[in-house]
Amino acid sequence: MASSLLKSPNLSSITITTPSLPAFSSKSPTVSFRFRHRSSISLRGDSFRLSCSVSDPSPLPPHSPRRRRPEYIPSRISDPSYVRVFDTTLRDGEQSPGATLTSKEKLDIARQLAKLGVDIIEAGFPAASKDDFEAVKTIAKTVGNDVDENGYVPVICGLSRCNKKDIETAWEAVKYAKRPRIHTFIATSDIHLEYKLKKSKEEVIEIARNMVMFARSLGCEDVEFSPEDAGRSEREFLYQILGEVIKAGATTLNIPDTVGITLPSEFGQLIADLKANTPGIENVIISTHCQNDLGLSTANTLSGAHAGARQVEVTINGIGERAGNASLEEVVMAIKCRGDHVLGGLYTGIDTRHIVMTSKMVEEYTGMHTQPHKAIVGANAFAHESGIHQDGMLKHKGTYEIICPEEIGLERSNDAGIVLGKLSGRHALKGRLTELGYELDDEQLSTIFWRFKSVAERKKRVTDADIIALVSDEVFQPEAVWKLLDIQITCGTLGLSTATVKLADADGKEHVACSMGTGPVDSAYKAVDLIVKEPATLLEYSMNAVTEGIDAIATTRVLIRGNNNYSSTNAITGEEVQRTFSGTGAGMDIVVSSVKAYVGALNKMLDFKENSPTKIPSQNSKVLA
């Protein structure tokens, strides 16, 4: 055997190891063959026994994908172990109350998702509003055509209900992408059929079949179908309707646990049953979409993938309707950590080094902060306070960490002893920003640097939390319709608070207003309202100190609702919902921080006003046929 292997041009070396043990030992000589593609074969045996194992003697660096992403074909995957990652942050994630995103923010997030390497970006619900339509169209034209050196370009997907108007609108938005997809859905559970759709099972099957065929007739070769509330739907009905949409041309079947009611064993069995009993299922991709109402979305998603699903629908930070969705970072890192050992070799094409930056961008743009103990991306995810844990970490980091923070783009506090202060230069700041996971261009770095110097003049030591707050305040802000220039406050116990505010409009023209109020923030907000002239109601106001100490930077988050009834259509219920808009600000002066947050929220609202929503019919209307 060795002589024949020696003739192979790929063979690098042969090593024979004979154990220096007594003749009666069970140990046998080992022959190892190393090949140039970095794998090896070890043969161990005697004249009666031969065993073979394949190993990778030189593991790839932790940041490198272990396997190449398979070529994208809508209805099949050449490597049965590959799991497609379908990100719906821009669609389902944006349905979180207060998580309204501007078109620019959606484009920024879509670009970051492409850096992350997601296979499919569900860019929105184009029929919901003109703003949603234009955002999806822009993403399709830009991100959907940005092919990298390896041939990767994300699929751009638009959601639609099972009616012709929705589907046509979705196609008009996504068709500019190199890989466009339409995702259409209709409810299949008894409770939805009876109370929401008021239709029979036969009617729903006919609608689903016809609408998938209609989507294909438009020229879309990649059509995903979802039976909404599949987790509570009758199995036999699911087998039937899914079989019909496969025949109609669906390429991906998404199985949603819409209300998050299933347990991992139940959801895994659901996927296994569908795989075993749905006619034609071998010709399509099975997908999962798990809500987090019982806190089991990640577990259910992994159970579904283990049972045969090869697409997982997730969101950054797990944001979404009600309790949210399966979290991309949790699902991806679980597959990366346990895919080989527990999940049968499953893997994804995600470049995990971009997880932290993507998480921070979504957190800041949506105004939805992650809890400190959030898995993977929470502030405490790699923090160790217990003395026993700290002792173990000092001896070997693997004692209490199963993931290196560097794998997700988070560098530990630098070991070089560098402390940032007023004498620190641009290079030191840039280095620390890189360690924190931020990739800023020269203009952004310059802006952050001067903000940093201003803070450093007043603080002896600038912490990582301070830097993160400054980046959030400068980089992750909506496109400026109005910009705060100056503010002067008079307040105290001797009279009403008075605020003078100077704002600049989009053309750079300065506007000044003065107002009185019950306190400094109230008077400042009223002065802003006099300039902007766009009435809004303040729904939420919160402030936090970034660090301890009286000189800490303050971060403020506000949530407002426009008094002019800004609304859009909820993708699931079909109802008109009143939009809310969040804003964040940071500064060493709490009033300045507060006004920045309020102006940011107003800018989002005004951006939405520029693209006023269009009315669309509800799910149970006549256009379904």
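The talk below goes through confidence, a hairpin and a sheet.

Tutor: This is a predicted model, in which local features need pLDDT of at least 70, side-chain atom pairs count only at pLDDT 80 or more, and totals for chains, interfaces and linings use all residues. Residues are numbered from 1 along each chain as its sequence is written, and side-chain values use heavy atoms, with hydrogens and water left out.

Student: What is the average pLDDT of the protein chain?
Tutor: The average is 84, and 83% of the residues score at least 70; pLDDT is the predictor's confidence in each residue, from 0 to 100.

Student: Why should some coordinates not be read in detail?
Tutor: Because pLDDT is low there. Over residues 1-28 the pLDDT is below 50, and over residues 32-65 it stays under 50.

Student: How do you know that strands E14 and E15 pair?
Tutor: Strands (DSSP runs of E, at least two residues, numbered from the N terminus) pair if DSSP finds at least two bridges between them. E14 (residues 497-505) and E15 (residues 510-517) have eight bridges, in the antiparallel sense, so they meet that definition. Leu-503 stands opposite His-511 in E15.

Student: What lies between E14 and E15 in their hairpin?
Tutor: Four residues lie between them, and Gly-508 in the turn has a positive phi of about 90°.

Student: What makes E16 and E20 edge strands?
Tutor: The open sheet has the order E16-E17-E20, with antiparallel pairing. E16 (536-545) and E20 (580-587) each pair on one side only. Eight bridges join E17 (residues 554-562) to E20, and Thr-556 stands opposite Gly-585 in E20.

Conventions:
Contact means heavy atoms within 4.5 Å.
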